[in-house]
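Have the structure open as you read.

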Amino acid sequence: MKEILFVGRSNVGKSTLIRALTGKKIPVGKHPGVTRKPLRIPYQDFQIVDMPGFGFMSGVSDQGQEAIKDNIVHYIESNAGNIALAVMVVNASSFAQIVDRWTERGEIPVEVELFEFLHELNIDVIVAANKIDKVGDVDGTLDGIAQRLGMTPPWRQWLDRIVPVSAKKRNIGRLKEAMQKRLEQARKNDGVNVLKSFMYF
Ligand SMILES: Nc1nc2c(ncn2[C@@H]2O[C@H](COP(=O)(O)OP(=O)(O)O)[C@@H](O)[C@H]2O)c(=O)[nH]1
Ligand SMILES: [Mg+2]
């Protein structure tokens, strides 16, 4: 079954979001980093994969964090052909600040690196700007997220790629719609590939 990868920093609300989407009771962290191994949950004719969160986690060393990131990159590389879609979950209320802090230090933020990496592998990415309930200036915040990921504001130019959500408030309609579009496309592509394999062999 083709996979829908959920990636993001730990504590951004990946597990809460997947729970809201699927109704499945998956562990949600009081403590960041609850999801250590990829967790698989059926979603329509696809499989959602809840990837371990990256970035700072209390009780995890720098090396440990680096190893988690390497594992994620390796997983994506070796499964790219089987990934229909990636949903990159960010915390809308802190994304810009975190990215800017890294950039000021002359480092590439993990999110930005991952976003570009997924594109290089031709994997479709939807950015789920979660915890939007905590944000006052929604448009300004989403413009800031778009811009930092290389999408020229206003964010409304990118309605298919960046969607505001609140997993906690179960406000996830826009994400469902965006996912549906991509999944239909993925099914069509699969159909074409099956047809091609009949034609050539
Ligand atoms: N305010 C708010 N909190 C959220 C939202 N989604 C998740 N959370 C909280 O963020 C924390 C981390 O959530 P979790 O799903 O475990 O994050 P994960 O580490 O990315 O899987 C939990 O305390 C959630 O209740 C949201 O949309 N709004
Ligand atoms: Mg989790």
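## Layout along the chain

This is a predicted model. Going along the sequence, the secondary structure elements come in the order β-α-β-β-α-β-α-α-β-α-β-α. The tally for the chain is six helices and six strands.

## Size and packing

The radius of gyration is 17 Å, close to the 17 Å that the globule rule gives for 201 residues, so the chain is as compact as a globular protein of that length. If you'd like box dimensions, the C-alpha atoms fill roughly 55 × 35 × 35 Å along the principal axes.

As for what's tucked away, 35% of the 201 residues count as buried. Contacts also reach across the sequence: take the pairs at least 6 residues apart, and 64% of those contacts join residues at least 24 apart.

## A look at strand β1

Which strands does β1 pair with? One is β3, residues 46-50, joined to β1 by four bridges. Another is β4, residues 83-91, and here five bridges make the link. β1 runs parallel to β3, and the pairing of β1 with β4 is parallel too.

β1 itself spans residues 3-7 and is mostly covered, with four of its five residues buried.

Key: Residues numbered from 1 in each chain as written. Chains lettered and ligands numbered in written order. Predicted model: local features only at pLDDT ≥ 70, side-chain atom pairs only at ≥ 80, totals over all residues. Helix = DSSP H or I, 4+ residues; strand = E, 2+ residues; numbered from the N terminus. Rg over C-alpha atoms; globule rule 2.2 N^0.38 Å. Buried ≥ 20, exposed ≤ 12 C-beta atoms within 10 Å, placed from the backbone. Contact = placed C-beta atoms within 7 Å. Pairing = 2+ DSSP bridges.
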